[in-house]
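Good morning, and thank you for making time on the agenda.

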Amino acid sequence: MTDVQTERDVVDVLMTDHREVEAIFVELESRQGTPEHRRRLADVVIAELVRHAVAEEAYVYPTARKALPDGDQLAEHEIAEHSDAERTMKELESLDPSEPRFDELLTHLTATIRHHVQDEETDLFPRLRAACAREELVELAGKVEAAKKSAPTRPHPAAPDHPPANKLLAPGTGLVDRMRDALSGRPTSMQELREKN
């Protein structure tokens, strides 16, 4: 039996995602590497962000709604930021890195996500840790990790972002996305990207 005090909680999992995405943003902002490499980096960051958002919308925001007095408003604000980012990612995924619009959209996405991360890490996450039992946060970590494994890897701005519809539809959409990724050779993680280089 594992000790719940030593296990990673949902905040640990999500903050690890934030650090990984930030590292990709920094590499993309350097504008180094071939256009093909930058395209693959953009594909990875899009996949990471989509999986992360789907997991938050399925498990973290419903928990915030229940545990925090202003949870509904907070969750709706975070979901609206996800929607903005997803629309940007949808446009970004079809652009060649040599097009000027690619860097414009990347700059917008980076700013949007950095603002979102700042909000979560300075407000939502500390408040969740204060309002929820450690056991619940550890259990949420497992649910978030499982959701990310079956989540979509491509932006779907019209997809539902509230339970139960998002929990029902995301795995099927994720399966289709992963099949498309495999057939096209699109990397969806830094590990896959390193293996392809």
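This is a predicted model: local features need pLDDT of at least 70, side-chain atom pairs count only at pLDDT 80 or more; totals for chains, interfaces and linings use all residues.

Two or more lining residues come from each of α1, α2, α5 (134–150) and α7 (190–196), with α1 giving the most, five residues.

Let me turn to the second largest pocket, where the space is about 280 Å³. Here 19 residues form the lining, and Val 54, Glu 86, His 156, Ala 159 and Pro 160 lie nearest the centre. The elements that supply two or more of these lining residues are α2, α3 and α6 (165–184); α6 gives the most, with five. This lining is made up of 10 nonpolar, four polar and five charged residues.

Now to the interior. In soluble globular proteins, nonpolar side chains tend to be buried together. Which residues touch the most other members of the largest nonpolar core? Among its 25 residues, they are Phe 25, Val 45, Leu 49, Met 89, Leu 92, Leu 109 and Ile 113. Helices α1 (10–29), α2 (35–67), α3 (71–92) and α4 (100–131) each give two or more residues to this core, and α2 gives the most, eight. Beyond its neighbours up to four places away in sequence, Ile 113 touches Val 21, Phe 25, Leu 49 and Ala 85. Apart from this core lies another, of 21 residues, including Ala 64, Ala 75, Leu 137 and Ala 141.

Definitions and conventions. Residues are numbered from 1 along each chain as its sequence is written. Side-chain values use heavy atoms; hydrogens and water are left out. A nonpolar core is a set of buried Ala, Val, Leu, Ile, Met, Phe, Trp, Tyr and Cys residues joined through side-chain atoms within 4.5 Å. Buried means under 20% relative accessible area, exposed over 50%, partly exposed in between (1.4 Å probe, protein chains only). Helices (H or I, at least four residues) and strands (E, at least two) are DSSP runs, numbered from the N terminus. Contact means heavy atoms within 4.5 Å. On a 1 Å grid over the protein atoms alone, a cavity is a set of points where a 1.4 Å probe fits but cannot get out, and a pocket is an open set with protein on both sides within 12 Å along at least five of seven lines; lining residues have an atom within 4 Å of a point. Grid points are joined across faces, edges and corners, and a volume is the space filled by probe spheres set on the points. Ala, Val, Leu, Ile, Met, Phe, Trp, Tyr, Cys and Pro count as nonpolar, Asp, Glu, Lys and Arg as charged, and the others, Gly among them, as polar.
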